[in-house]
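Hi,

Here's the structure I promised to pass on. Have a look at it first, and then read my notes below.

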Amino acid sequence: MTTDVLIIGGGPNGLLLACELALAGVRPVVLERLSERAGMPKANGLVGRIVQALDHRGLHERLSGGDRPPMRMPGFQFGALPLALSALEDNPMYVLPIPQRRLEELLEQRASELGVRIRRGHALTALSQTAELVTAEVKGPEGRYELTARFLVGADGGRSTVRKHCGIAFPGITDRGFVGRSGQVVIDPPVAVPGTGELEVPGVGRLRPATFTRTENGMFAFGMFQPGLYRVSAHEWAPTALEDSISMPLEELRDAVRRVLGAEVPMRAPDGEPAALRRSTGTNSRQAERYRDGRVFLVGDAAHVHAGIGGPGLNLGMQDVLNLGWKLAAAINGWAPEGLLDTYESERHPVGARVIMHTRAQLALTSPGANITALRELLGELLTDAGNVRHIAELMAGADVRYGGDSTHPMTGRWMPDLPLNTVTGPKRVAELMRGARPVLLTRTDPVAKGRTDRIDVIVTADAPAETVLIRPDGYVAWAGQNGDGLEHALRTWFGCPA
Ligand SMILES: Cc1cc2nc3c(=O)[nH]c(=O)nc-3n(C[C@H](O)[C@H](O)[C@H](O)COP(=O)(O)OP(=O)(O)OC[C@H]3O[C@@H](n4cnc5c(N)ncnc54)[C@H](O)[C@@H]3O)c2cc1C
């Protein structure tokens, strides 16, 4: 039997894509090479626009474990320089702290509720395609088999087998000029300041969690995720002959922290929790030349890898998924207008390029030397200006994204703000109208999209910020303005609606 969509990889991006497709009535199959979820800690949270985008699907409540709307960060860092965000009007820097393992568990739970099958222990080994079908060769617990699908999506991480089998180049740089060490450790008082998450390091001073400390030897960072339990990392600007490792001794981390800070931070292995000690010798900063090869698409780390500074990975990858999901579902459901699938790459490739740009810039800003120190001093002066802080914050949050569109209205192509609206069924936030991953048409006048409600949710509200606002399922405005020919054209272009 031919599957509609085969998703390779059950990481956060593969699982979110499965949810998106299932909401649109498509039943994908997910292949995940690992028979059990990996234990090694990765992301500690989500940063930027993706937090609001997950609120659109009702996932913010599930992931945050509460019913509070998305929260903003009062401050953040760019290249280990402070960004004062609380003074910004409409601060775009949202945050959702959650360990990646928990994020994946909850996304998998949601996908299962929506009827998605995840085959654990099944690895893609090769693929080929014709104009109509993709054939995947798979190695499962009971041996090798073939699967055919109308479309295949590579959500299989930075070393993507899908990307390699499609012959898609992955240009960029591998920077082996430093070594990073991290681990999960217990730090006791008095260095751990009770109740604050801060560290008081003799000879260095008080350090705040979730900030980077740059020194001439490297960079130190930490965060506290349970009382007394810290994730600590030390990056040193010195190439090493050592290899990457996920079983490094604790002394190695302790010594690296001492070299970076020039001071001792007493730490010990936790009881009953993994120490998750890891050494990585450099970083890749690369982007797939193309995000599409015929019936095959790449999302997330399979499409781009970059330094983790500022935590942009999931904001970028999960928004790739939200961009592709509804377009792929439209193709399967038979109403994708010509060229719609091509807009995935034309819209998302430039966004990935900007993340690579700002993470490289941040890495440069944290490197050692008097010239960099001077550059930091200058940039620090520029960051006392609210306009510059906004520019950087929007870049890091992905809030400066503007997709194309035919209308000159300033909202077209931009993220739809989460406005409160009075509707015939009562007061609603925009996010609450987006739960079903369907296009939404807000209109101040009579429904202008009569006969299209099978494909589009039409909401009549006097609070619409323009006479008509057509919102794509990924939360961006496809078109805004006065009803008329422009709207007709936008409905046809994006949603294949008959004239
Ligand atoms: C230490 C660390 C800290 C990080 N911190 C943050 C952070 O705080 N915030 C943030 O936003 N990002 C962070 N990131 C980045 C984030 O973890 C990645 O961007 C994210 O994991 C990418 O998700 P993905 O689904 O694209 O790929 P992955 O998470 O790599 O998942 C790919 C999946 O595909 C499976 N797979 C691979 N090959 C095959 C195959 N041939 N067949 C079947 N299955 C296959 C793999 O087993 C894996 O489960 C961090 C990364 C690291 C390493």
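Below is what turned up around the ligand and among the aromatic rings. Keep in mind that this is a predicted model.

Let's start with the ligand. It has 27 residues around it, and the closest are Asn13, Glu32, Gln100, Asp301 and Leu314. Two of these names come back when you look at polar atoms: a side-chain N or O atom of glutamate 32 is 2.6 Å from a ligand oxygen, and a polar side-chain atom of glutamine 100 is 2.7 Å from an oxygen of the ligand. Glycine 45 uses its backbone instead, with an N or O atom 3.0 Å from a ligand nitrogen. On its own the ligand would expose 1000 Å², and the protein buries 83% of that. Helix or strand, the elements giving two or more residues to the shell are α1, β2, β9 and α7. By type, the shell has nine nonpolar, 12 polar and six charged residues.

Now the rings. There are 11 aromatic pairs. Take phenylalanine 297 and tyrosine 344: their planes are at 65° and the centres 6.1 Å apart, so this pair counts as edge-to-face. Phenylalanine 297 sits in strand β22 and tyrosine 344 in helix α8, so the pair ties together parts 47 residues apart in sequence.

Which residue lies over the face of phenylalanine 170? That's arginine 163, 3.5 Å from the ring centre. Arginine 472 lies over the face of tryptophan 494, at 4.9 Å from the ring centre.

Cheers

How values were computed:
Residues numbered from 1 in each chain as written. Predicted model: local features only at pLDDT ≥ 70, side-chain atom pairs only at ≥ 80, totals over all residues. Heavy atoms only, no water. Phe/Tyr/Trp six-rings, centres within 6.5 Å; stacked < 30°, edge-to-face > 60°. Helix = DSSP H or I, 4+ residues; strand = E, 2+ residues; numbered from the N terminus. Lys NZ or Arg CZ within 6 Å of the ring centre and 35° of its normal. Near = heavy atom within 4 Å. Polar contact = N/O pair within 3.5 Å; in protein donor to acceptor, adjacent residues only side chain to side chain. Areas by Shrake-Rupley, 256 points an atom, 1.4 Å probe, with all protein chains shown as cover. Nonpolar A, V, L, I, M, F, W, Y, C, P; charged D, E, K, R; others polar.
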